[in-house]
Amino acid sequence: MPKQPASNSESTKDRIIDAAEALIAEFGIIGVTFREIGLAAGHNNKSGVQYHFGDKVKLVNAILKKRFETLEKMRIDLLDQIQRDGRLETVRACVELLHHPIAALTDKNGLHTYSKFYMQYISTMRYDRRIVHPGWVLEPTMTSQKVYGILKEILWYIPDSVLRTRTFQSHGILLVALLDYDNAVLHHEPHEPWPEFIDNVFNVIAAAVKA
């Protein structure tokens, strides 16, 4: 008899995280209830969400932590590849390292659900001190911080405060572009092929960062 898939707490947490991310991306953190998240995750009531995460703040923190861990692994691999290619010491390569993993992170339908969630985070949750994005902690071993260090060396003539602001603002350029692309795909509107599209986005961001 074939083995049945294990029904463990980790897989339940993953389903809740995926469901919550999608709903918060669409309706915001205030616009969804635990019951709606539970139903979307395959539960009949809200108790499963509360049991695993307690409240919305902890749930959002869990989403950010899980996605950041995925993005960090992708950045490490991409950093190794770019170093092997010998093209690390450019603004364009740094932009790719920071943003390509986000652009590559899609849901099962190929849509940038995390990017939409991240937009909600930036616009409504970033300044809530209870919500902590691991990527904004100044940890020098973090790949994004290593990349920022390279950017500082390349763009030595730009004050640190200005460069940090530009780097943060570059996320907005990326996220809006990705969501516009998804919208064009969903509504069968004319759009560039993905490789040309994302290359152009990275070139725009690189130009803005070093302007």
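User: Does H188 count as buried or exposed, and at what relative accessibility?

Analyst: This is a predicted model, in which local features need pLDDT of at least 70, side-chain atom pairs count only at pLDDT 80 or more, and totals for chains, interfaces and linings use all residues. Residues are numbered from 1 along each chain as its sequence is written, and side-chain values use heavy atoms, with hydrogens and water left out. Buried means under 20% relative accessible area, exposed over 50%, and partly exposed in between (1.4 Å probe, protein chains only). H188 counts as exposed, because its relative accessibility is 74%.

User: Where does H188 lie, and what is its phi?

Analyst: H188 belongs to the loop between helix 8 and helix 9, where helices are DSSP runs (H or I, at least four residues) and strands likewise (E, at least two), numbered from the N terminus. The residue comes just after helix 8. Its phi is positive although H188 is a residue other than glycine, with a value near 55 degrees.

User: What separates the end C-alpha atoms of helix 8?

Analyst: Helix 8 covers residues 160-186, which is 27 residues. The expected span of a helix is 1.5 Å times one less than its number of residues.

User: Which helices do the buried residues of helix 8 pack against?

Analyst: The buried residues of helix 8 include L163, T167, S170, H171, L174 and L178. An α-helix has 3.6 residues a turn, so residues three or four places apart point the same way. Contact here means heavy atoms within 4.5 Å. The packing partners are helix 5 (91-104), helix 6 (113-125), helix 7 (143-154) and helix 9 (194-210).

User: Does D180 count as buried or exposed?

Analyst: D180 is placed in helix 8. Because the relative accessibility of D180 is 51%, it counts as exposed.

User: Which residues does L105 touch, not counting residues up to four places away in sequence?

Analyst: L105 sits in the loop between helix 5 and helix 6. At 15% relative accessibility, this leucine counts as buried. Not counting residues up to four places away in sequence, L105 touches R67, T70, L71, L111, H112 and Y114.

User: Which residues of helix 6 are buried?

Analyst: Helix 6 has 13 residues, which should span 18 Å; its end C-alpha atoms are 17 Å apart, in agreement. Its buried residues are T113, Y114, S115, F117, Y118, Q120, Y121 and M125.

User: What is the radius of gyration of the protein chain?

Analyst: The protein chain contains 9 helices and 0 strands. The radius of gyration is taken over C-alpha atoms, and the globule rule is 2.2 Å times the number of residues to the power 0.38. For 211 residues the rule gives 17 Å, and the chain is close to it, so it is as compact as a globular protein of that length, with a radius of gyration of 19 Å.

User: What percentage of the residues of the protein chain count as buried?

Analyst: The C-alpha atoms fill a box of roughly 55 × 40 × 40 Å along the principal axes. Among contacts between residues at least 6 apart in sequence, 65% join residues at least 24 apart. Of the 211 residues, the buried share is 42%.
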